[in-house]
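This report describes the architecture of a single chain and the surroundings of selected residues. The sequence and the structure are shown first, and the description follows.

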Amino acid sequence: MRSRLKLLLLDRAGSVERVLRVARHRGFSLREFSARQGERGLLDVSVEVEGERPAMLLVSQWAKLPEVRALQIGKTMA
């Protein structure tokens, strides 16, 4: 199952790497990724992941990261 998610991250060294590492450790494969610098030191990140588990599991893990400021689940495709 594929899911599209959006995140707002603090633009710090290693922020993107930590987000991607959590996805990999939870069994999700990255299918699409984009990031652009937003306002006030934030990165606007869009990812599409694929995995056997529900995307909510990934969202709950990402929400624990201190650099994550906002999360949004988009479309889920079977």
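The model under discussion is a predicted one. Leu20 is found in helix H1. Beyond its neighbours within four places in sequence, Leu20 is in contact with Leu30 and Phe33. Between Leu20 and Leu57, which are 37 residues apart in sequence, the C-alpha to C-alpha distance is 14 Å.

Helix H1 spans residues 15–25, and its buried residues are Ser15, Val19, Val22 and Ala23. Viewed down the axis of H1, these buried residues fall within an arc of 100°, so they line one face of the helix. Glu17, Arg24 and His25 are exposed on the other side of H1. Gly27 follows H1 and has a positive phi, near 90°.

Ser15 lies in helix H1. Ser15 has a relative accessibility of 1% and therefore counts as buried. When residues up to four places away in sequence are not counted, Ser15 touches Leu9, Leu10 and Glu67.

## Overall architecture

The chain contains two helices and four strands. Along the sequence, these elements follow the pattern β-α-β-β-α-β. The radius of gyration of the chain is 12 Å, close to the 12 Å that the globule rule gives for 78 residues, so the chain is as compact as a globular protein of that length. Taken along the principal axes, the C-alpha atoms fill a box of roughly 35 × 20 × 15 Å.

Of the 78 residues, 33% count as buried. The accessible surface of the chain comes to about 5,000 Å², and 49% of this surface belongs to carbon and sulfur atoms. Among the contacts with a separation of 6 or more, 69% are accounted for by residues 24 or more positions apart.

Phe33 is found in strand S2. At 35% relative accessibility, Phe33 counts as partly exposed. Not counting residues up to four places away in sequence, Phe33 touches Val16, Leu20, Val45, Ser46 and Val47. Phe33 and Val45 are twelve residues apart in sequence, and their C-alpha atoms are 7.4 Å apart in space.

Leu43 is found in strand S3. Its relative accessibility is 12%, under the limit of 20%, so Leu43 counts as buried. Leaving aside neighbours within four places in sequence, Leu43 is in contact with Leu7, Leu8, Leu9, Asp11, Val16, Arg36, Gln37 and Gly38. The C-alpha atoms of Leu43 and Val16 are separated by 9.0 Å, and the two residues are 27 residues apart along the chain.

Arg40 is found in the loop between strand S2 (29–37) and strand S3 (42–50). Although Arg40 is not a glycine, its phi is positive, at about 55°. Arg40 is exposed, with a relative accessible area of 75%.

## Helix H2

Helix H2 comprises residues 55–62, among which Ala55, Leu58, Val59, Gln61 and Trp62 are buried. Seen down the axis of H2, the buried residues fall within an arc of 165°, so they line one face of the helix.

Met56 is also found in helix H2. At 52% relative accessibility, Met56 counts as exposed, because the limit for that class is over 50%. Met56 and Arg40 are 16 residues apart along the chain, and their C-alpha atoms are separated by 27 Å.

## Selected C-alpha distances

The table collects the residue pairs discussed above.

| Residue pair | Separation in sequence | C-alpha to C-alpha distance |
|---|---|---|
| Leu20 and Leu57 | 37 residues | 14 Å |
| Phe33 and Val45 | twelve residues | 7.4 Å |
| Leu43 and Val16 | 27 residues | 9.0 Å |
| Met56 and Arg40 | 16 residues | 27 Å |

Definitions and conventions. Residues numbered from 1 in each chain as written. Predicted model: local features only at pLDDT ≥ 70, side-chain atom pairs only at ≥ 80, totals over all residues. Heavy atoms only, no water. Rg over C-alpha atoms; globule rule 2.2 N^0.38 Å. Buried < 20%, exposed > 50% of the residue type's maximum accessible area, 1.4 Å probe, protein only. Contact = heavy atoms within 4.5 Å. Areas by Shrake-Rupley, 256 points an atom, 1.4 Å probe, with all protein chains shown as cover. Arc of directions from axis to C-beta.
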